Amino acid sequence: MTVMADRPQMLTEEFETLARIAAKEVELLRLEFIDGKLGVKAVPDGDHDRIVVWLSRICMQHRPEVWLHVERGLKVEQYRSGRARPDASLAPDGAFEGQGEWADPAPVLMVVEVTSYDSGTDEGDRRDKPRAYAATGIPVYLLVDRDNRRVQVHSDPDGQLYETVRTVPFGKDVELPDPVGFTFPTEALKDWVR
């Protein structure tokens with residue numbers, strides 16, 4: 001028997017059906033399909049939610065013409081065959097109107113992931129998602145890494161990876177490059193980690 005190493009676990013259409021059924025049957029179950037693999041997104045805790053709300057306020061102060069859309073499903077990766085549900089996506093107001101559960105990522109300026117305290121964080125948020133978002137061409141990926149008490153800003157996607165990754169410890173200012181284009185302090189993040 002020949003094993004195809006780069007063959008997806010299922011077709012994208014099969015994943016979408018499975019995700020739709022799972023969402024109806026199991027409360028708080030959120031599935032993703034990245035790099036041909038099925039994944040389960042961890043249920044966020046209260047501090048995780050607080051960080052996303054805090055970032056939303058910061059974005060509104062600096063860029064009132066865009067919104068930080070929470071858990072908006074996006075078509076990701078080359079040829080849009082993957083499906084991700086970032087914790088938040090920064091995009092213009094109305095960017096996702098008329099779209100279904102999995103939206104076109106073209107208007108997205110930045111995606112945000114806040115790590116959860118689970119075993120899948122390293123593989124998902126730190127390895128698979130940066131590749132998927134870079135392959136999609138999303139300009140900025142912001143990772144709030146609660147385990148390591150740092151923020152990573154990934155930028156300059158080349159179609160496979162982000163060419164620039166800046167790491168800043170909690171407590172220092174973080175500069176988000178264009179097209180986001182603002183700087184914010186991270187001192188408050190120290191209050192929302194274990």
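This is a predicted model: local features need pLDDT of at least 70, side-chain atom pairs count only at pLDDT 80 or more; totals for chains, interfaces and linings use all residues.
Trainee: How many residues does helix α2 have, and what span does it reach from its first C-alpha to its last?

Mentor: Helix α2, residues 46-62, has 17 residues and reaches 25 Å, which is close to the 24 Å expected at 1.5 Å a residue. At its N-terminal end the helix is capped by D45, with a side-chain oxygen 3.2 Å from the backbone nitrogen of D47.

Trainee: Which residues of α2 are buried, and what covers them?

Mentor: Buried means under 20% relative accessible area. In α2 the buried residues include I51, W54 and L55, and their cover includes the strands β3, β6, β8, β9 and β13.

Trainee: Which residues have the most contacts inside the largest nonpolar core?

Mentor: That core has 29 residues, and those with the most contacts inside it are L55, M110, L142, L176 and F184. Helix α2 gives the most to this core, with 6 residues. L142 touches, among others, L55, M110, L176 and F184.

Trainee: What should I look for in the backbone angles and peptide bonds?

Mentor: Most residues other than glycine have a negative phi, and most peptide bonds are trans, so exceptions to either pattern can be picked out. Here the bond from D178 to P179 is cis, with omega near 15°, and P179 lies in the loop between β12 and β13. E71, in the loop between β3 and β4, has a positive phi near 50°, while R149, in the loop between β9 and β10, has a positive phi near 55°.

Trainee: Why does E71 count as partly exposed?

Mentor: E71 counts as partly exposed because its relative accessibility is 26%, and R149 is also partly exposed, at 38%.

Definitions and conventions: Residues are numbered from 1 along each chain as its sequence is written. Side-chain values use heavy atoms; hydrogens and water are left out. Helices (H or I, at least four residues) and strands (E, at least two) are DSSP runs, numbered from the N terminus. The expected span of a helix is 1.5 Å times one less than its number of residues. Buried means under 20% relative accessible area, exposed over 50%, partly exposed in between (1.4 Å probe, protein chains only). Contact means heavy atoms within 4.5 Å. A polar contact is a pair of N or O atoms within 3.5 Å; within protein, one must be able to donate a hydrogen and the other to accept it, and residues adjacent in sequence count only if both atoms are side-chain atoms. A nonpolar core is a set of buried Ala, Val, Leu, Ile, Met, Phe, Trp, Tyr and Cys residues joined through side-chain atoms within 4.5 Å. Lists of a residue's contacts leave out its neighbours within four places in sequence.
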